[in-house]
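Please look at the sequence and the model below before reading on. The report that follows takes up a few of its parts in turn.

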Number of protein chains: 2
Amino acid sequence: MKFTLVGTGSVKGCPVYGCDCPACIRAVMDPFLARRPASATLESDGEVILIDAGLTDIEERFPPGSLKHIMLTHYHMDHIVGLFSLRWGSGLRISVTGPDTSDAPAELLKHSGILDFSRTVSPFAPFTVNGVRVTPVPLSHSRPTMGYAFHRNGRTLAYLTDTLGLPVETLHFFAGNPVNVMIIDCSYAPDMTDAPGAHNSLNDVLELHQRIQPSRTILTHIGHELDNWMNTNPLPKDIEAGHDGLVITL
Amino acid sequence: MKFTLVGTGSVKGCPVYGCDCPACIRAVMDPFLARRPASATLESDGEVILIDAGLTDIEERFPPGSLKHIMLTHYHMDHIVGLFSLRWGSGLRISVTGPDTSDAPAELLKHSGILDFSRTVSPFAPFTVNGVRVTPVPLSHSRPTMGYAFHRNGRTLAYLTDTLGLPVETLHFFAGNPVNVMIIDCSYAPDMTDAPGAHNSLNDVLELHQRIQPSRTILTHIGHELDNWMNTNPLPKDIEAGHDGLVITL
């Protein structure tokens with residue numbers, strides 16, 4: 001099982017359009033440092049699943065027929081905006097699985113085109129896709145949001161964005177299901193006290209890391225403020241920043 | 001005044017993702033034949049206005065600070081989807097002018113970021129921007145939609161998409177305000193009888209061309225079916241197909 005962080009950016013991404021902070025300037029100068037909308041791919045058994053669809057070049061990244069399944073964490077625009085053009089494809093069918101579609105934009109469901117929204121996931125109700133067992137786990141966000149625990153070869157990778165902390169039932173689940181690799185929303189630097197929305201700062205992540213005790217915690221949904229903080233501060237042991245294109249094998 | 005057709009595609013664009021029709025195959029092989037979402041720029045007095053925001057790479061196309069004004073025809077996603085990431089810019093202000101925002105996605109207005117939706121346009125109420133006089137003209141579409149007549153140096157360019165025919169009051173306006181260049185929605189080939197939505201076929205455009213009598217009619221919002229039709233059929237005199245990047249000076 002190959003898990004790739006396709007995008008590791010917060011809603012604003014990096015560079016932020018018009019921003020002249022050091023992190024944004026660096027990302028303009030070196031596109032390899034840019035952070036696109038938080039998203040990932042899971043490859044197993046010769047198939048690929050895209051997790052979240054905030055990228056707007058899905059049609060260019062995936063040759064027609066190569067992408068049959070998208071899993072969504074939630075329906076904020078930076079996680080679904082790529083679906084609006086993708087739906088107008090021809091002769092294809094792409095399953096889009098995620099939380100209850102009552103939270104999805106009505107226009108997307110009304111004119112769904114090649115996208116099939118008929119299957120939704122339920123908290124802690126595992127399913128198997130392409131040989132990987134998946135357990136949806138509720139997150140704590142401003143909209144109904146689901147994280148996913150991927151189990152393969154006796155190991156577990158948890159993909160947990162967008163969230164601020166974790167609901168008690170999800171913490172309880174992880175207490176009984178050890179996590180090897182935790183990929184988690186860390187939008188903000190530890191010193192950001194006016195952070196908007198429901199996203200983790202590094203301090204929130206540290207608490208979760210100590211509680212869940214994965215052997216490896218990887219930050220995603222990173223904002224430019226955190227990038228600036230990381231430019232002058234080391235991350236604690238066993239915690240690392242994700243980057244666009246980072247591959248994790250399990 | 002320099003008017004550029006940035007995108008000339010229908011909602012599906014060309015190539016349509018997964019389509020193997022001749023027009024789509026050609027557009028895959030030669031990206032210069034691709035049609036991106038219908039949109040345009042108007043350059044005058046050293047400033048640029050973007051007309052419609054269906055492109056998702058606005059931040060790459062326009063260096064920060066170079067784009068201060070966007071005019072919208074309507075709030076269908078293929079005309080506004082690029083605003084969802086653009087809004088998160090920093091230290092900038094972009095005026096977004098268009099029809100009554102009661103038709104705009106609530107999320108876009110609630111979290112408008114750097115976008116200023118405070119000014120809307122009214123039918124036949126002219127205004128001046130960057131030295132160009134503009135008259136908004138109502139169109140006939142499935143949502144409230146405005147075309148724009150740009151007047152400069154005694155000449156008029158009318159940008160009319162998305163529409164099926166034109167409302168009688170708009171036809172009346174053009175009867176008293178001759179059009180030199182008409183850029184118009186032509187989504188469908190003349191033989192398409194099951195055309196969805198409220199868009200012109202070439203037959204509809206021919207009727208409008210004869211009635212309004214511009215010296216030059218340029219087709220936009222073109223679907224792949226019309227591209228296939230044009231591959232084997234000539235267009236009538238004074239009617240030409242637009243293409244992405246086409247520049248019109250007035």
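## Basis

This is a predicted model, in which local features need pLDDT of at least 70 and side-chain atom pairs count only at pLDDT 80 or more, while totals for chains, interfaces and linings use all residues. Residues are numbered from 1 along each chain as its sequence is written, chains are lettered from A and ligands numbered from 1 in the order in which they are written, and side-chain values use heavy atoms, with hydrogens and water left out.

## The contact between chains A and B

Chain A and chain B each give 24 residues to the contact (contact means heavy atoms within 4.5 Å). The two chains bury about 2,000 Å² between them, and 68% of this is on carbon and sulfur atoms. Buried area here is the accessible area (1.4 Å probe) that two parts lose on being put together, summed over both. On the side of chain B, Tyr17(B), Met77(B) and Trp88(B) lose the most area to chain A, together 39% of what that side buries.

Two salt bridges are counted between the chains (a side-chain nitrogen of Lys or Arg within 4 Å of a carboxyl oxygen of Asp or Glu). Arg143(A) and Glu107(B) meet in a salt bridge, at 3.4 Å from N to O. The side of chain B that touches chain A has 15 nonpolar, four polar and five charged residues. In these classes, Ala, Val, Leu, Ile, Met, Phe, Trp, Tyr, Cys and Pro count as nonpolar, Asp, Glu, Lys and Arg as charged, and the others, Gly among them, as polar.

## Arg35 of chain B

Arg35(B) lies in the loop between α1 (22-29) and β2 (39-44) of chain B. Helices (H or I, at least four residues) and strands (E, at least two) are DSSP runs, numbered from the N terminus.

Is Arg35(B) buried or exposed? Arg35(B) counts as buried because its relative accessibility is 9%; buried means under 20% relative accessible area, exposed over 50%, and partly exposed in between (1.4 Å probe, protein chains only). A polar atom of its side chain lies 2.8 Å from the backbone oxygen of Gly242(B).

## Helix α7 of chain A

Helix α7 of chain A spans residues 202-212, and its buried residues are Leu202(A), Val205(A), Leu208(A), His209(A) and Ile212(A). They lie on the same side of α7(A), because they cover an arc of only 115 degrees around the axis (the arc of the directions from the helix axis to the C-beta atoms). On the other side of α7(A), Glu207(A), Gln210(A) and Arg211(A) are exposed.

Gln213(A) follows α7(A) and has a positive phi, near 55 degrees.

How values were computed. Polar contact = N/O pair within 3.5 Å; in protein donor to acceptor, adjacent residues only side chain to side chain.
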